[in-house]
Amino acid sequence: MDQIKIGKFIAECRKKANLTQMQLGEMLNVTDRAVSKWENGRAMPDSSIMLDLCGVFGISVTDLLNGEVVSMENTNQKNEQLLLDMAKEMEQKNKTIWTSMWVIMSISIVCLLAGLCVVALLMPEGPLQLVIILGLCVVFLVPCFYALKLEVSVGAYKCKNCGHEIVPTYKQALNAMHMGTTRYLKCPNCHKRTWCKKVITKK
């Protein structure tokens, strides 16, 4: 999706309807600043208000997401292209999230090891050293929990037995035994527990 094109289209439709950004915002229960962001291509309207926005302008959601009024004969073709664009966008977002997860884990491990080395080398043995080491380990767990949240939000886990793609809850993933990003999960399809490998792109 071309946000700049969509933004210009929203601005054109608003002007045709003789509405100011503030008036349009009031009709949709959003601020004029939010409308300005849409029109400048810096943000998209939430899905919850897209239908209302289209209703105000007398256009379809397909028109809105394409940034132009689509003729009936081109609707199917435009819809297919739109779905492809959205799929590519989602795939790119997933890859970004996946990369972020590994960056967070890598930085956390390096910081933990560096902190443990500093404490071991510069501090005398004793209760204070032990407390600081335990504190470092606890602090290390915070980004680990966040990294797991990112991991679960992307893709799925593929059942080794039947190939079904499982999307567990955060709690299920947290409680499952794991080796890296492979987790021991119960498949809702074959009802067997297997080591399920992470796959970024779901079917």
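Where does asparagine 29 lie? You'll find asparagine 29 in the loop between helix 2 and helix 3, where helices (H or I, at least four residues) and strands (E, at least two) are DSSP runs numbered from the N terminus. Before going on, keep in mind that this is a predicted model, in which local features need pLDDT of at least 70, side-chain atom pairs count only at pLDDT 80 or more, and totals for chains, interfaces and linings use all residues. Residues are numbered from 1 along each chain as its sequence is written, and side-chain values use heavy atoms, with hydrogens and water left out.

Back to asparagine 29: its phi is positive, about 60°, although it is not a glycine. Its relative accessible area is 72%, so asparagine 29 is exposed; the cut-offs are under 20% for buried, over 50% for exposed and partly exposed in between, with a 1.4 Å probe and protein chains only. Asparagine 18 also has a positive phi, about 55°, and is not a glycine either. This residue sits in the loop between helix 1 and helix 2, and with 67% relative accessibility it counts as exposed.

Now step back into helix 1 itself. Helix 1 covers residues 3-16, and its 14 residues should span 20 Å at 1.5 Å a residue, which agrees with the 20 Å between its end C-alpha atoms; the expected span is 1.5 Å times one less than the number of residues. Its buried residues are Ile6, Gly7, Phe9, Ile10, Ala11, Cys13 and Arg14. An α-helix has 3.6 residues a turn, so residues three or four places apart point the same way. The buried residues of helix 1 pack against helix 2 (21-28), helix 3 (32-39), helix 4 (47-57) and helix 5 (61-66).

Lysine 5 is in helix 1 too, but it is partly exposed, with a relative accessible area of 33%. Leaving aside neighbours within four places in sequence, lysine 5 is in contact (heavy atoms within 4.5 Å) with Asn66, Gly67 and Glu68. A polar atom of the lysine 5 side chain lies 3.5 Å from the backbone oxygen of asparagine 66.

Next, the largest pocket, which holds about 310 Å³ of space. On a 1 Å grid over the protein atoms alone, a pocket is an open set of points where a 1.4 Å probe fits, with protein on both sides within 12 Å along at least five of seven lines, and lining residues have an atom within 4 Å of a point. Grid points are joined across faces, edges and corners, and the volume is the space filled by probe spheres set on the points. There are 16 lining residues, and the closest to the centre are Met105, Cys144, Glu151, His178 and Arg183. Helix 6 (75-122) and helix 7 (127-153) are the elements that give two or more residues to the lining, and helix 7 gives the most, with six.

Two of those central residues deserve a look. Cysteine 144 is in helix 7 and counts as buried at 18% relative accessibility. Its C-alpha atom is 9.0 Å from that of methionine 101, 43 residues apart along the chain. Arginine 183 lies in strand 4 (residues 182-186) and, at 5% relative accessibility, counts as buried. A polar atom of its side chain lies 3.1 Å from the backbone oxygen of alanine 173. Beyond its neighbours within four places in sequence, the contacts of arginine 183 include Leu148, Glu151, Tyr157, His178 and Trp195.

Technical notes. A polar contact is a pair of N or O atoms within 3.5 Å; within protein, one must be able to donate a hydrogen and the other to accept it, and residues adjacent in sequence count only if both atoms are side-chain atoms.
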